[in-house]
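Hi,

Here is the structure I promised to pass on. Have a look at it first, and then read on for what turned up when I went through it.

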Amino acid sequence: MNELAPLATLGAADFKSAYKPIWCPGCGDYTVLSSLTKALATIQRPPHEVAVVSGIGCSSRIPAYTSCYGFHGVHGRALAAATGLKVARPDLTVIVTGGDGDGYSIGGNHFMHACRRNVDMTYIVMDNHVYGMTKGQASPTTEPDWDNKLSPGGTGIRAFHPLVIALAAGANFIGRGFSGDPNGTAAIIAQAIRHPGFSFVEILSPCITFRPEQKGWKEIVRAAPVDPTDDPALAARRIMTDDGFNIGVLYAGHRNPYPARVGLAERSVAELEREFEL
Amino acid sequence: MKTPPQTLDDFMAVALAMENEAVDRYTEFADMMETHNNGDVAALFRTMAGYETKHAQHIMAQMGWTAAPAVPRERICWPGYESPEAAPVDEVHYLMQPWHALQLALAAEQRAEAFFGELAAMTTNASVRAAALEMQAEEAEHVGLVKAWMAKLPPPDRDWSDDPDPPRYID
Amino acid sequence: MPPTHVPTPLAESPAIARSYSVAIAGSGGAGVMTAGSLLLDAAARAGLYGLMVRTSGPQIRGGEAAALLRLGPQPVATLDDRFDLLLAIDWQNLHRFADEIPLGAGSLLVGDSDAGEPPEALRAGGTRLHLLSLKKAAKASGGAWVNMIALGLAGALAGVPVQALQAALRASWKRGAEALAPNLAALQQGVAMAHGLPGERPLPLQPPAAAPAGRWLLSGNEAAGCGALRGGVRFVAAYPITPATELLEWMAPALTRVGGTLLQAEDELASVNMIIGASYGGVPSLTATAGPGLALMTEGIGLAVAAEVPIVVVDVMRGGPSTGIPAKSEQSDLSFAVDGLHGDAPRLVVAPNSIADCLAATEWAVQLAEALQAPAIVLSDQFMGQSRAVIDRPAQAGVAATRLTASAADTVDAPAYQRYLDTASGISPMAVPGTPGTVYTADGLEHSERGIPSSQAGDHRKQLDKRQRKLDRHDYGPQWADVEGDADLAVITFGSTTGAVREAVARAAVQGVALRLLSLRLLAPLRTESLAEALRGVRQVLVVEQNHGGQLLRYLRSRADLPGRASGLHRPGPLPLRPGELCAAFVDWVAAHAPQEATA
């Protein structure tokens, strides 16, 4: 849209673009998109002041489905691009989206350092325990015994624990949502955006095409039976014993976000060059 | 059910929210089906979205509202994560046939009917009860309409979900 | 566009003025690098020009090292064929430097009488060996460092006035005044030792009466960083790698002072993507790396091509392939820089050809990247990056880079903003996030003009044409190359080799052999028309470069119509090409290509 709607009347629909997603009908990402737009509608910023950065994969298609500025980069590098963007433009609200393959495998190193760096942004991972876009390989969060073509009989490798890694690496906010609970997820995302520093929200989002059994997730997902904590040690114990299906805000810490350093120029370039003069 | 609404305004706001969620959901389904070249089902979902829009407009007119009032999360009293009238996102299929779509709609209307009945039984507010019973009756009517519609449609093919082609790579 | 190197007529070439080359070598604790830096600084104070190259063993501290200097009355852009003086505080493992410190008849070899015999490899025929009590003299001088003796000795032999040596030492002194005195005394002792040396020695330099005003002393890496700032870079992502790290380290505080920021990345995959993100946000951005890092960055550079996001990647080339020779120079990333991306991916490649040019060429690269919304690779190298030189004050800064940005006005006639609008120039207005009315999603996927992913033939063709056209149609001006002379035989080169080639051409001219010189600064896109114009009247070309495979020769042959039968003179690193060997090769080549006698 070319006109700026007054902030007070922005609704979720204002954050959706005209482009219809190509995801398989039944995909959890549809409701994640809905949750994201609902959350953005509550943060009192127009869409053109929000940037959505993604990598490659089904979930990474999200930027173009919003009416925000979008960056659809290469596989695994969304957090790096988003970090550069936010550090250079601290005035923007930066959301990073992607899947479990993009985020935890090729993106694993950037994931760790983004948590550590604690730049103020919100990272939403739509976790379906599979590489969907490339047709069904095991991802780092896939169960070790899940049979697939690339690893017949399963990988035999223990699944990655992204929330534990996030906490250990320094993420300032950790939450888990479920695509089957769009309003609850929207609330977690909104809270994540408002929380300073690096906010990580994993959203269980079933893949209807390659993991149809994940339809059963709605039976086992539950509200986390604890309140969010700001004690990393307590959060660590909870998250390490978590079975991956507790929904809610699990950790909300108090680390200072990476400071915005762009600002007033104290010197001109010509003044700097004096150091070379004989 | 969580705490039922205690005032007519609150109740109608909840009912309106249900209709609006149903509109959004059916519209989304229609878009999905259109993107996947399932035109018949897309048209059907658009029709459903149209009906729900009318219901929503009816409530707004009845209450004299120009915009849907926000329903705070604490006042959401339906069971489960989503409104009873919103068909679950994971129950669509790109090869679904019109009969399936109506089956979804039927289930949604039945859930809505049951919800209003339960609400009517649980509320202590007379005007809320009256409104809830009225809603329930309307939903029952919709159930009947959908059933009649379904009766006119051919049942789905036995192998309706068979697709000889494997999924494609696009990224 | 600011002028860079103004082509000089060969007869006035500064390259054939007398110079003095000195190497100061020694092992851990000897402080030869410090001595070399001070000598260069002193020479500058005395009004001379100079170049200092460092070389060392693989140890992080304490191993063998040598400072290699060439000083003279005119700007120095290459090392000479041999050193006039090698001053070694000890001989440990110095045989490793034999190739890098060529000596010959008349060269002075000065060592410590207590350090044993110099290695055979350094005893070229005709060198004059003098053994002095360097370490003992330092000790006797109240605990001064032996490198101060060396500084005085080398400086005096080179012709650098003692006042300049003293001034350089004082200016650099960071410890207490009491410690300065013995070192000044040691300096004086070194000078005295120089005057006391018997026998013949190479003539010392005659410094000018007054030092030319306004000169700078800096390394190529610093110059590149400075050029980046002049161009408008205000965001840098950094991952350390030899020999680029100093560029990033110089930029870190400098950026903060001009209101920018530098962020250390976890790896090169991150740093290239960070600068893409920042540039997408509207801020001119840069990173610096070497071959192995550039290899990791190629995916990101391709993304910048496809999504049309301007970035600058400085590649300070070193010995390759793979980990190669990290601390030595080579020009072997050319093929990779001009062609090393998957898909049809046009990009800019700019090659500075001297330490001074590192500033102007990097500034230009930033301007080009921003104007053309494309990635630019700056092909610097270890020789320029890590060497320090005295240069004339660079020309006034040009206009900082400007990007064609979009405003809501650009959407008046269109239903929605077209980020990748096909235009005659190929350049589309680029929206800055935060601007209402011009929201778009940048994409590495092929896309329509609107930016929506597309696999349509028409869209792909349109975008490929556009991305190529925007580079082809740009007016690059005279900076694309330095073209000197008008002979009918031409030597073509790029990068740091230019200094040696230029001097060789000047020496050949003295012998009556005329050559035209082309030093290419814009390697991609290759300006074939400009090249043809620059080679008008040329019968044969010789392509000179420092790599094993003749990368520039192959590149030019594959893209341009070269006259005659192009030949190449190429040698890989780590040794630099030197003017004497090049001159001899040029003379032979010219003789072999003498014009045929006209037949009756």
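Arg507(C) is partly exposed, with a relative accessible area of 21%. Arg507(C) sits in helix α14 (residues 497-510) of chain C, while Asp80(C) is in the loop between β3 and β4 of chain C, so the pair ties together parts that are 427 residues apart in sequence. Bear in mind throughout that this is a predicted model.

Which residues belong to the network that includes this pair? Salt bridges with shared partners link Arg70(C), Asp80(C), Asp81(C), Glu503(C) and Arg507(C) into one network. Within it, Asp80(C) also forms a salt bridge with Arg70(C), at 3.5 Å from N to O. Arg70(C) belongs to strand β3 (residues 65-72) of chain C and Asp80(C) to the loop between β3 and β4 (85-88), so this bridge ties together parts that are 10 residues apart in sequence. Are Arg70(C) and Asp80(C) buried or exposed? Both are buried.

Over all chains, the salt bridge count comes to 44. Another one of them is in chain B, where the side chains of Glu34(B) and Arg46(B) meet at 3.0 Å, N to O. Glu34(B) is in helix α1 (residues 8-35) of chain B and Arg46(B) is in helix α2 (residues 39-63) of chain B, so the pair ties together parts 12 residues apart in sequence. As for accessibility, Glu34(B) counts as partly exposed at 48%. Arg46(B) counts as partly exposed too, at 32%. The general idea behind all of these pairs is that side chains of opposite charge can pair when their charged atoms come close.

On to helix packing. Two packed helices are described by the angle between their axes and the distance between the axes.

In chain A, the pair is helix α5 (residues 162-169) and helix α8 (residues 232-240), which pack at an angle of about 165° with their axes 9 Å apart. Since angles over 145 degrees count as roughly antiparallel, that is how α5(A) runs relative to α8(A). The crossing of α5(A) past α8(A) is left-handed. On the α5(A) side, the contact has Leu163(A), Val164(A) and Leu167(A); these meet Pro232(A), Ala235(A), Ala236(A), Ile239(A) and Met240(A) of α8(A). How does that contact divide by class? There are 8 nonpolar residues, no polar ones and no charged ones.

In chain C, helix α6 (residues 220-231) and helix α11 (residues 355-372) pack at about 30°, with 7 Å between their axes. That makes α6(C) roughly parallel to α11(C), because the angle is under 35 degrees. Here the crossing is right-handed. From α6(C), the contact takes in Gly220(C), Ala223(C), Ala224(C), Cys226(C), Gly227(C), Ala228(C), Arg230(C) and Gly231(C). From α11(C) come Ile355(C), Cys358(C), Leu359(C), Thr362(C), Glu363(C) and Val366(C). By class, the contact of α6(C) with α11(C) has 8 nonpolar, 4 polar and 2 charged residues.

Where are the cis peptide bonds in chain C? One runs from Gly320(C) to Pro321(C), with omega near 0°. Pro321(C) is in the loop between β11 (311-317) and α10 (334-339) of chain C. Another runs from Gly573(C) to Pro574(C), with omega near 5°, and Pro574(C) is in the loop between β21 (567-570) and α17 (579-592) of chain C.

In chain A, Gln44(A) is not a glycine, yet its phi is positive, at about 60°. You will find Gln44(A) in the loop between α1 (29-41) and β1 (50-54) of chain A. His129(A) also has a positive phi without being a glycine, in this case of about 55°. Its place is in the loop between β4 (121-127) and α5 of chain A. At 12% relative accessibility, His129(A) counts as buried.

Cheers

Note on methods:
Residues numbered from 1 in each chain as written. Chains lettered and ligands numbered in written order. Predicted model: local features only at pLDDT ≥ 70, side-chain atom pairs only at ≥ 80, totals over all residues. Heavy atoms only, no water. Axes fitted to C-alpha atoms, helices over the stretch in contact; angles between N-to-C directions. Helix = DSSP H or I, 4+ residues; strand = E, 2+ residues; numbered from the N terminus. Parallel < 35°, antiparallel > 145°, perpendicular 65-115°, else oblique. Left-handed = near helix turned anticlockwise from the far one by under 90°. Contact = heavy atoms within 4.5 Å. Nonpolar A, V, L, I, M, F, W, Y, C, P; charged D, E, K, R; others polar. Salt bridge = Lys/Arg side-chain N within 4 Å of Asp/Glu carboxyl O. Buried < 20%, exposed > 50% of the residue type's maximum accessible area, 1.4 Å probe, protein only.
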